[in-house]
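Opening the notebook on this one.

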Amino acid sequence: MDGINPSPNVSEPEDYPWADDPQDLTPSVGESAKFPTHALPKAMRECAAVIQRCTQAPDAIIGSSLLAAASLAAQAHADVQLPHGQVSPISLFVVSVAESGERKSAVDNLVLRPHALFEKAKHDEHALLMAAYKALDKAEQEAEGPPREAVFISGDPTFEGMTKLLIKGLPSLGVFSAEGGRFMGGYGMSDDAALRTAAGLSMVWDGSPIDRVRSGDGAIKLYGRRVAVHLMAQPRAAFNWLSNPTLRDQGLFSRCLVGYPASTAGTRLFRDEQANNTPEYAAYCEAMNKLLQPEWSMNEMGELTPRILTLTRKARTRWIQLHDEVEVAIPTDFAGVRGFASKAAENATRIAGVLELVRNPAMGEISEEGLDSAAELLQWYVGEAVRLSGVQPLKDGVDKAVTLWSWLKMRGKRQICLAELTQYGPAKLRTAKVMRDTMAMLVDHYRARPMLDPMEWEGRQRREGWEIRL
């Protein structure tokens, strides 16, 4: 296996007591509850079971991916009306936290395949329209206007870039990335741009017009645009982002559904089955296509004009009960997640709208059953918000320590020297300084300790070495 020392085993050291018990390298936040996949519509629920069986990814990575993808497919068609009269989009902002190797990309590729094919069809259509447009004379082009660009899914846009897409392209957009750390740590979230990006995303989530004022092209206000978000990121990037005080105070995170499920690593034995060859996956794709294929309701200015889903009488009663239960708990159980709790009932209505349209794209109202299913899903996200509310950003170097510790465990030997680390260790750590600093962190966590005597490796005595606590 690449990176593993091919040299013979060194002698094992004598056992003697360690100073203390080994400490966790990453924050301890307890175990995530099982994701309530059963609350999803049949097509999504059965597809989730197939994807989990084939990829063996964590349940919440799959469930959240399906929910976000359904929101993207449905958001152009309908808004929801809350009991107090407010009308909200059914767009969802989802953040999934998972270690590297948790099959995030595999899940994302499966769940978004219908959306990617929809985008490709729009791209091909745009190419034909653009060819016809270029064949017009200048006066006809000015009267006609260029065809809209066909970007439906973007992985790493700045807010300015996203706004340009919404001006020149489709009025419904998804910001989806299995490498969400690129977005969280990119230019759009730099110190200078973070507040502007967060404020802009919050406006989009609210369904408010998007203001864009620039000296070069003046003031633009965009109406009738919808954006769904799903960012998958490793813990370090996600926790650093979620703990950013500027973004937290602005209110972006109170709009996000965040989940951090337990890893399935160590249980994923080989299975010779492809999810995309199953009838359950075909049924999911059909359900998404029923939402993706119909023409969007738009006015002459290219703005979406979604229909409004109202709550049935029983659903309205259930919504008020949910709202009041959460409100009463804000000073106590939800004190650490006040912002998220204050928007919980609205998020439940958005989720319910998405679920109802997956079940029936022509649905005109939200049933009590639909709201109950949404409330069960929301309860899981509320539990995650409470569980993760105290998580602090990871210290510098922890991600390197986790990588090196995994390599040392796979290597399976109780002694190692600096020369071996720099020659055979994880590629991104192969400098003496980085290895010394990373091993120092493992020592601080009582997972390694410096050796008092030189060790022999590849025929030479090595003075700088460590004993590994396997």
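Which residue lies over the face of W205? I found R350 there, at 3.5 Å from the ring centre. My cut-off for a charge over a ring: NZ of Lys or CZ of Arg within 6 Å of the ring centre and within 35 degrees of the ring normal. K122 lies over the face of W296, at 5.8 Å from the ring centre.

Housekeeping: this is a predicted model, so I kept local features at pLDDT of at least 70 and side-chain atom pairs at pLDDT 80 or more, while totals for chains, interfaces and linings use all residues. Residues are numbered from 1 along each chain as its sequence is written, and side-chain values use heavy atoms, with hydrogens and water left out.

Next, aromatic pairs (rings of Phe, Tyr and Trp, its six-membered ring, with centres within 6.5 Å; planes under 30 degrees apart are stacked, over 60 edge-to-face, the rest tilted). I searched the whole structure and got nine. W380 and Y381 pair edge-to-face, 5.0 Å centre to centre with 85° between the planes. Both are buried (under 20% relative accessible area; exposed is over 50%, partly exposed in between; 1.4 Å probe, protein chains only): W380 has 6% and Y381 has 1%.

Y424 is buried at 17% relative accessible area, and W457 is buried at 3%.
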